[in-house]
Structure formats: C-alpha cells, structure tokens
Amino acid sequence: MLVDEGKSNLLLDAGVKLGETDEYPLLTGEEIRKLERIVISHTHLDHMGYLPFMYARGCRATVYSTKPTHDLSQLLLADYQRINRGMKFTSNDITKAMKMWKMVEYGEVVGDGLKFSFHKSGHILGSAMVLVQGGSRLLFSSDVNDRETRLLDPAEKNIVAENLIIESTYGAPTDEHPALKNASKMLCDSINRTIKKGGKVLIPSFAVGRAQEILFILESYMSSGILEKVPIFVDGMILKANRIYRQNVIYAKDEIQKRILMSDDDPFKSKFFHAPKTKDRSDVLKPGSAIIVSTSGMLSGGPVLHYLEKLAGDSRNLLVFVGYQAEGTLGRKLIEGEKHITIDNKEIDIKMGVEQVALSAHADYKGLLDIVRSTKKLKRVFVIHGEGDKPHELGEAISRMGYEVILPRNGESFRI
Ligand SMILES: [Zn+2]
Ligand SMILES: [Zn+2]
C-alpha cells in the first residue's frame, strides 16, 4: 500500500504473492523511483519479497523495519533468489536493499510530516503493526495475532487510529482457533500415537515463525515427559533462522528472555534437536521413530518433499500440518484428501496419515473483531489479505459493528 501525502510518501510492505505464477505489486517504474520510504511489517515473503526487484528497477528509498525483520530478511531473500522461478533478480539487488535499511525499535516515532511507528503484532519475531500519522492516523495490522504464544507477546491493543487496514486470513465466522494449550495437546497425542506404532512424524513448517513455536512446544513437552523421547530432526533453513531468533531473543516475551539469558536452560540448544548428518538424509530416515520438522511449510519445495516421498507409502507414518495452507499448494491438496501426487515426476501414493493442528500465527475471526473493537477513535476499516469470501465475511461483521468498511481492489486509491 502506498501512502502519499503530496509532500512525502511511504510504502507499507513490498510483498510477492507466491503461487503457481507469482504475483507482484502494481507499481510503475516511475512510482518505484519516486518512493522515499518503504516500511516492512515482518519478514514473510508476501510482505517483503518484492524488495530486490524494486532496487533492480532503480528504487532509492530507505527501508525501515525492526532488527529481527532486518536480520531474517537477509536470510529469506537469499533463499528466495535461489528458489524463485518468476521474475529474476541478483544478489547485488539484495545487497542494494540491505544497504538502504534502517532498524527501528517498537514505539519509536520516525520522520516528520508523515510519521510512522511500529507496534507488536504477535505474529512472528520482530513483526509489527504500523501506525502512520499524517493529517489522520492509519493503523496497518499486517499479519496479526491477538493471543500470546510460546515465544511472543500478543498484538498491542487500544491504539488510536481513525483508519485501520486489517488482514482477514481467518475472517469467516467459522474460523475459530482452539486455545494454544489444547492445540499443543492434540499435536502431542497424535505424535505419541505414531511413535507407539513405530512411525515417523513429518511436520512441514515455514522457516521463520511456525518452526520456532513448534520446536519450543515439542521441547517443552518432551522435557516434561508428556511426549515420548525420540530424536527431533530439524532440516532446511529452520536451523539458520533459529540462530537469528536466538540472537534476537530480547524481542521474545519476558519469560523466554529470562529463561535463556539468566540460566543455562536454552531451548534453542536442546539435546532433543538434531541436524541431518548425511546429504541423502539416510540418518534421519533409518528405521525407528523420529519427529522431522522441515521446510517448506506448504510443501512447495525444500527438504520436506524428500521426506514426504520416502515416508508417504507407510501407513504408520504421520504428516501434520501446523500452519496455513494456501489455495493451489500441495499442502492444501493433501489436507483436502488427495491420495495420489507427483514429486519430481515420481508418482506417489499417500498411505501415511494426514492431520492438521490449528497452531496459527494469525488471529481467528473473534480475535480480528477484538482488534477492531479495541482501536480507539476508529471510523473506517479496510479489509485485505484473505482468500475467497473471507474479506467479505469479516467486512460484514465489522460493518454490523457500525464502522465504514471498504474492501479495496488492487490499484484503487482512497483519500483519508
Ligand atoms: Zn506473515
Ligand atoms: Zn501475510
């Protein structure tokens, strides 16, 4: 979203919509060259993956984010360059973007005229809602979670803003997440059942966010004896992301900081975690139970596909999804019951169990409405970032609460 005040401008997020064909923001070369500031809410590619393309097209804007977003973006953009099948960019374009980057703390007010500040959004480490203040105030929720997680404080509430842009990933009245405790318990029960049968558990995960939450849950339940003690293999970019999480632990909630900084009890270095030692992953796949947490989260690439190919044919094994599966992804197909798939031109029959545990990093329907309700002096709400009917369904509920609701189309402009 481009915020233009006449005298100055800023862009809220610069993402790529990943899919069978990637989709990019509708910015012209001239708009990109005229940009002064780019404010990045968090480090998922659908919020910052377009940055290198912009610097390849002559962008000279300063990029602003929190420190974890900066550190993790460097890692994720390098990986995106490797796997990207769409428009091309070079590592030099990533370097150009990183050189223009400035780090900002939560609550710090940046700029004069058109000002902005970051506020905790509870989604992943360093993630932020952005409050833009010019003639009026605009709060951009970005991806938001109103509940406390293993690692993070919930989203900040009671912010004063006349205008709100809110996501709607889980915007339908039927979207209701169980309490974190119940969801974690469900995950452990499924894993224990699989271990009893001698099977392996495969958990596809995003490298950043989901993976760390899942690993903390597994580590805690294994330490306390609720979860059977089997090796937990961590594969793909999760290992590198863990290191960055560990370095930026002061952005996690107090309890985690104290545990790590004031004792030797460091869950990131748990004895239960192992990295694969062989290139063909034969040490991970050898007979016996194990839990494997690997990228990518929606089965669109990464080592998880290799594990899936090897484990799919054995009904004792279990595939557990712990994050959102977008339309058109292999993950979504498997959740919907698909039993025959192809990986690298190989036909594969899915005989392993397939389950989904709701451990989302996004607020559910009630949570989203709570964020709207808690925003002070609010008049107008723009609903975005949802598939199918979700923005519409959330918009109807917000409209019934008495606010003006807008479902913006790509390229549309509004005066606020
Ligand atoms: Zn996100
Ligand atoms: Zn997102």
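Arg281 sits in the loop that runs between strand S12 (273–274) and helix H10 (282–285); helices (H or I, at least four residues) and strands (E, at least two) are DSSP runs, numbered from the N terminus. Its phi is near 60°, a positive value in a residue other than glycine. The model is a predicted one, in which local features need pLDDT of at least 70 and side-chain atom pairs count only at pLDDT 80 or more, while totals for chains, interfaces and linings use all residues. Residues are numbered from 1 along each chain as its sequence is written, chains are lettered from A and ligands numbered from 1 in the order in which they are written, and side-chain values use heavy atoms, with hydrogens and water left out.

Lys377 also has a positive phi, about 65°, without being a glycine. Its loop links helix H13 (365–374) to strand S18 (380–384). Lys377 is exposed, at a relative accessible area of 59% (exposed means over 50%, buried under 20%, partly exposed in between, with a 1.4 Å probe and protein chains only). A cis peptide bond turns up from Thr295 to Ser296, with omega near 5°; Ser296 belongs to the loop between strand S13 (290–294) and helix H11 (304–311).

On to the domains, whose bounds come from an automatic or database domain assignment: domain 1 covers 2–174 + 362–406 and domain 2 covers 180–356. Their C-alpha centres are 28 Å apart.

As for packing, a nonpolar core is a set of buried Ala, Val, Leu, Ile, Met, Phe, Trp, Tyr and Cys residues joined through side-chain atoms within 4.5 Å. The largest has 73 residues, and Leu187 is one of those touching the most other members. Helix H7 (residues 210–223) gives the most to this core, eight residues, and each domain supplies at least three. Leaving aside neighbours within four places in sequence, Leu187 is in contact with residues including Ile203, Leu218 and Val320.

Key
Contact means heavy atoms within 4.5 Å.
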